[in-house]
Amino acid sequence: MAKKDAEEFVVDFVGGAVGHRLRSGEGRGQALPKAAGFTKGRTPFVVDATAGLGRDAFLLASLGANVTLIERSPDMYVHLQDGIARAKAEGGIYEEIASRMTLLHGDSRELLKTLSPDVVVVDPMHPPRHNSALVKKEMRVLRDVVGSDPDQRELMEAALQAARKRVVLKWPVRAAPMEGLQKPSHQISGKNTRYDVFMIFRDEPLAD
């Protein structure tokens, strides 16, 4: 990664695209909240197992969810810490949202075993799918910081074991399904992104 790009790279929950999406007030009708099972009377506990820029986690936290973000890249973890701290320092709605975000550093495949989320969101690194030059640069820098996800199927398997209600896989809209996975229960597609939703149906123990 170019040194200048690294120095300019910040996680910003107040300005830019994240702040705009918050101010637009699109709410639970957006594709990700729908995929994650947000309804008028239901706000799940979510783990974002591939935190990255933290934007999806911030969106879900803005809708009232407690969201645990897991990031294994030490550099990206520091960027996320800074972004969350600055959102809290902004006060008001930004502080309220950031207070619902818990950031963990480590391997999601292991950390998920210690959590009991309703929903796990997985957004592994995949080929660039955006046309905007700005987003291309941002994603390139993110890829340089975070690296690739060669163990993405193992992560999905861990997510399917940990989630109580559903797992949401964020994937390029025209891409083939992740190899080796069961067929998703359903899909929600946007312009560039597809959400493959895996509903969890476990046998509950009978009450004594």
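Leaving aside neighbours within four places in sequence, which residues is Asp196 in contact with? The legends below take up this question after an overview of the chain.

**Figure 1. Overview of the predicted chain.** This is a predicted model, in which local features need pLDDT of at least 70 and side-chain atom pairs count only at pLDDT 80 or more, while totals for chains, interfaces and linings use all residues. Residues are numbered from 1 along each chain as its sequence is written, and side-chain values use heavy atoms, with hydrogens and water left out. The chain holds nine helices and seven strands; helices (H or I, at least four residues) and strands (E, at least two) are DSSP runs, numbered from the N terminus. Of its 208 residues, 47% count as buried, where buried means under 20% relative accessible area, exposed over 50%, and partly exposed in between (1.4 Å probe, protein chains only). Among contacts (heavy atoms within 4.5 Å) between residues at least 6 apart in sequence, 67% join residues at least 24 apart.

**Figure 2. The largest nonpolar core.** A nonpolar core is a set of buried Ala, Val, Leu, Ile, Met, Phe, Trp, Tyr and Cys residues joined through side-chain atoms within 4.5 Å. The largest one has 37 residues, of which Phe13, Val67 and Met101 touch the most other members. Elements that each supply at least two residues of this core include helix H4 (55-62), helix H5 (74-90), strand S2 (67-71) and strand S7 (193-199). Apart from this core lies another, of 20 residues, among them Val120, Leu155, Ala162 and Leu169. In soluble globular proteins, nonpolar side chains tend to be buried together.

**Figure 3. Surroundings of Met101.** Not counting residues up to four places away in sequence, Met101 touches Phe13, Gly54, Ala57, Phe58, Ala61, Val67, Leu69 and Ile84.

Figure 4. The buried residues are Asp56, Ala57, Phe58, Leu59, Leu60 and Ala61. Just after H4, Gly64 takes a positive phi of about 100 degrees. Rings of Phe, Tyr and Trp (its six-membered ring) pair if their centres lie within 6.5 Å; planes under 30 degrees apart count as stacked, over 60 as edge-to-face and the rest as tilted. By this rule there is one aromatic pair. Phe13 and Phe58 form this stacked pair, with 5.0 Å from centre to centre and 5 degrees between the planes. Because Phe13 lies in the loop between helix H1 (3-8) and helix H2 (16-24) and Phe58 in helix H4, the pair ties together parts that are 45 residues apart in sequence. Both Phe13 and Phe58 are buried.

**Figure 5. Asp196 and its partners.** Asp196 has its place in strand S7 and is buried, with a relative accessible area of 2%. Leaving aside neighbours within four places in sequence, Asp196 is in contact with Val167, Val168, Leu169, Pro184, His186 and Gln187. The C-alpha atoms of Asp196 and His186, ten residues apart along the chain, are separated by 6.3 Å.

**Figure 6. Strands S6 and S7.** Two strands pair if DSSP finds at least two bridges between them. Four bridges join strand S6 (residues 186-189) to S7, and the two run antiparallel. A hairpin connects S6 to S7 through three residues, and His186 stands opposite Val197 in S7.
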